[in-house]
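Subject: Structure handover and notes

Hi,

Here is the structure I promised to pass on to you. Please open it alongside this email, and my notes will follow below.

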Amino acid sequence: MTLTPRRLFAVCAAALLALSGAVVAAVPAGAQPGVATMTNIRTGLNTGFDRIVLDMTGPAPQTSYQWVDELIADGSGDIVWLTGEHFVAVTTTPARAHDDNGNRTYPGPDKFRTRNLRNVMAVAVTGDFEGYVSIGLGTRYQSWVRVFTLTAPTRVVIDVGH
């Protein structure tokens with residue numbers, strides 16, 4: 001049987017569709033497309049600012065921040081006690097710090113001191129609830145804050161001036 005150009009095109013198109021279906025079926029169980037998943041928190045001292053980095057997998061989430069009088073735990077509404085004179089609440093969405101089975105994807109502590117930084121004294125995970133991951137920072141004094149995302153790999157960067 002000879003294939004006409006039209007039949008050859010149809011065979012190639014069908015093969016591509018079948019192959020793309022296999023790729024979609026190969027997405028690992030527990031993966032949720034379109035949601036960033038937090039895997040780590042890193043800190044670093046830079047000239048003029050402290051940097052906190054949230055390592056993520058998946059697409060870059062939307063971010064926002066605000067200076068607050070106290071940090072509040074998402075879901076429960078409880079006060080999160082953290083070292084610092086002033087507090088920054090950072091929110092990312094859509095994001096999570098757990099997999100589809102409820103297992104944590106961020107292995108670190110919920111709160112930790114940052115003795116290597118000049119202004120940021122402590123960091124806390126204040127929420128992993130309904131598509132939002134929230135982070136609280138305790139600082140010595142109020143300064144400028146810059147929050148942005150980077151890709152390849154995905155991460156949320158929080159800079160706080162000295």
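What follows is a walk through the cores, the strands, the salt bridges and the aromatic pair.

Some housekeeping to begin with. This is a predicted model, so local features need pLDDT of at least 70 and side-chain atom pairs count only at pLDDT 80 or more, while totals for chains, interfaces and linings use all residues. Residues are numbered from 1 along each chain as its sequence is written, and side-chain values use heavy atoms, with hydrogens and water left out.

**The cores**

The largest nonpolar core holds 23 residues. By nonpolar core I mean a set of buried Ala, Val, Leu, Ile, Met, Phe, Trp, Tyr and Cys residues joined through side-chain atoms within 4.5 Å. Buried stands for under 20% relative accessible area, exposed for over 50%, and partly exposed for what lies in between (1.4 Å probe, protein chains only). The residues with the most contacts inside this core are M38, I41, I52, L54, I135, L137 and I158. Two or more residues come from each of β1 (36–46), β2 (49–57), β6 (86–93), β9 (120–129), β10 (132–139), β11 (145–150) and β12 (155–161). Strands here are DSSP runs (E, at least two residues), numbered from the N terminus; helices would be H or I runs of at least four.

Leaving aside residues up to four places away in sequence, I52 touches I41, R42, T43, L117, V120, V123, L137, V156, V157 and I158, where contact means heavy atoms within 4.5 Å. There is also a second, separate core of 8 residues, which includes L71, A73, A122 and A124.

Another residue to look at is T92, found in strand β6. T92 is buried, with a relative accessible area of 0%. With residues up to four places away in sequence not counted, T92 touches L54, M56, P61, Q62, T63, G131, Y132, V133 and V156.

**The strands**

An open sheet is formed by 5 strands in the order β3-β6-β10-β9-β8, with antiparallel pairing. Two strands pair if DSSP finds at least two bridges between them. At the edges are β3 (62–68) and β8 (111–113), each of which pairs on one side only. On average, neighbouring strands of this sheet are turned by 15° against each other, direction ignored; the axes are lines fitted to C-alpha atoms (for helices over the stretch in contact), and angles run from 0 to 180 degrees between N-to-C directions.

Within the sheet, β8 and β9 run antiparallel and are joined by 3 bridges. F112 stands opposite V123 in β9.

β11 and β12 also pair in the antiparallel sense, over 6 bridges. V145 has V160 in β12 as its bridge partner. Their hairpin has 4 residues between the strands, and A152 takes a positive phi near 60° there.

**Salt bridges**

Searching the whole structure gives 5 salt bridges, each defined as a side-chain nitrogen of Lys or Arg within 4 Å of a carboxyl oxygen of Asp or Glu. The side chains of R51 and D159 meet in one of them, at 2.7 Å from N to O. Because R51 lies in strand β2 and D159 in strand β12, the pair ties together parts that are 108 residues apart in sequence. R51 is partly exposed at 26% relative accessible area, whereas D159 is buried at 0%. R51, R146 and D159 are linked in a network of salt bridges.

D100 forms a salt bridge with R96, their closest N and O atoms being 2.8 Å apart. Here D100 is partly exposed at 44% relative accessibility, and R96 is buried at 7%. The side chains of D110 and R104 also meet in a salt bridge (2.9 Å, N to O). D110 is partly exposed at 39%, and R104 is partly exposed at 48%.

**The aromatic pair**

The whole-structure search finds 1 aromatic pair. Rings of Phe, Tyr and Trp (its six-membered ring) pair if their centres lie within 6.5 Å; planes under 30 degrees apart count as stacked, over 60 as edge-to-face and the rest as tilted. The ring centres of F49 and W144 are 6.1 Å apart and their planes are at 55°, so the pair is tilted. F49 lies in strand β2 and W144 in the loop between β10 and β11, so the pair ties together parts that are 95 residues apart in sequence. F49 is buried at 15% relative accessible area, while W144 is partly exposed at 40%.

Enjoy exploring!

Best wishes
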